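User: I am new to this structure. Please take me through it in short steps.

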Amino acid sequence: MLSFRAPGGPDPNPMIPKTYESDSRGTARQAPALRILGWCAALCVWWTAQSHAEIFTDATESTGLDFQHFNGMSGELYFPEMMGSGVALFDYDGDGDLDVYLVQGHMLGGKPVSEATFAPRYGLPLTDRLYRNELDTGELRFTDVTRASGLRAEGYGMGVAAADYDNDGDVDLYVTNYGSNQLWSNRGDGTFEQVTEKAGVDDGRWSVSAAWVDYDRDGWLDLYVGNYAKHTIESDRRVCRMAKLERDYCGPLKGATDPDSLFRNRGDGTFEDVSESSGIRKAHGGALGVVAADFDGDRWPDIYVANDGVANQLWVN
Ligand SMILES: [Ca+2]
Ligand SMILES: [Ca+2]
Ligand SMILES: [Ca+2]
Ligand SMILES: [Ca+2]
């Protein structure tokens, strides 16, 4: 509602908010209430614009991270093809910036890559990839150093856990695969050595996730490996169909699962399988994720396992 009054004169209707008033020459000008309203409106427009502004920018390709996951699908609809893969951010060269390790898939059933439904975008070889962060040059940029690093992780990859398990100051990698897993010891000179057998931490089952945790607090990181389904390509005969009767992937998990593993670090580069004695093997689902933390505040690290299709598990230490 508009109302006018002469400057200094009585307000004819003091209960009505003033939107315009006249100055000494009788010219109408905006009243304080309307000016405040205008400022509020401008603020709202600015706030709306800000709230719709992009917070993150996709810099994957511009920074050189030219990795694309390859699941090896070939029309057979093998169960593992539905799974994603993992990534680790860790400082492999100790220069203070985070480097990137990306886990790659593969062909299944012994098929050649030429039979893949979609060819791998960045060609061969199909292997996990390590990208060095070049932030020390003053710019966020990544260089593929897989070949120079000696990492040859060519299994059907699922996940990766990074930590300095041998306390030599360099971060090492444990890679989980559909099939044998791999422990890569960081030599500290930009290269890695595979020490899986020597360390005794292989797990030939379908492992998806892993976590480093010093569960016995002896100063050496131990290793929890989450295993998923009992599965072989040869026995992957289940046929599932969509509503229109087209064949599709089956799932989620309905079949038998494998128990998880816990390996105790002896501190001499080798590990002892304590899955039974620790109680971990008593119960299991199909593990897809695992994290370790002291959930109950008693200073003993506990373990939480996320399972597929059944209840998750909290293992209290
Ligand atoms: Ca680095
Ligand atoms: Ca190390
Ligand atoms: Ca330990
Ligand atoms: Ca605890």
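User: Which residue in β6 stands opposite Arg 132?

Analyst: This is a predicted model, where local features need pLDDT of at least 70, side-chain atom pairs count only at pLDDT 80 or more, and totals for chains, interfaces and linings use all residues. Residues are numbered from 1 along each chain as its sequence is written, while chains are lettered from A and ligands numbered from 1 in the order in which they are written. Strands (E, at least two residues) and helices (H or I, at least four) are DSSP runs, numbered from the N terminus. The residue opposite Arg 132 is Thr 143.

User: How many bridges join β5 to β6?

Analyst: Strand β5 covers residues 129–133 and runs antiparallel to β6. Two strands pair if DSSP finds at least two bridges between them. Here the number of bridges is three.

User: In what order do the four strands of the open sheet lie, and which are the edge strands?

Analyst: The pairing in this open sheet is antiparallel, and the order is β3-β4-β5-β6. Each edge strand pairs on one side only; they are β3 (87–90) and β6 (142–144).

User: Is Trp 184 buried or exposed?

Analyst: Trp 184 lies in strand β8. A residue is buried if 20 or more other C-beta atoms, placed from the backbone, lie within 10 Å of its own, exposed if 12 or fewer, and partly exposed in between. Trp 184 has 26 such neighbours inside 10 Å, so Trp 184 counts as buried.

User: Which residues is Trp 184 in contact with, leaving aside neighbours within four places in sequence?

Analyst: Two residues are in contact if their C-beta atoms, placed from the backbone, lie within 7 Å. By that rule, the partners of Trp 184 are Leu 151, Asp 172, Leu 173, Val 175, Phe 192 and Gln 194.

User: What is the phi of Asn 167?

Analyst: Most residues other than glycine have a negative phi. Asn 167 sits in the loop between β7 (156–163) and β8 (172–186). Asn 167 is exposed, with 11 other C-beta atoms within 10 Å. Although not a glycine, Asn 167 has a positive phi of about 55°.

User: Where does Arg 217 lie?

Analyst: Arg 217 also is not a glycine, yet has a positive phi of about 55°. Arg 217 counts as exposed because 11 C-beta neighbours fall inside 10 Å. Its place is the loop between β10 (207–213) and β11 (222–227).

User: What share of the protein chain counts as buried?

Analyst: The chain comes to three helices and 18 strands. Of its 317 residues, the buried share is 31%.
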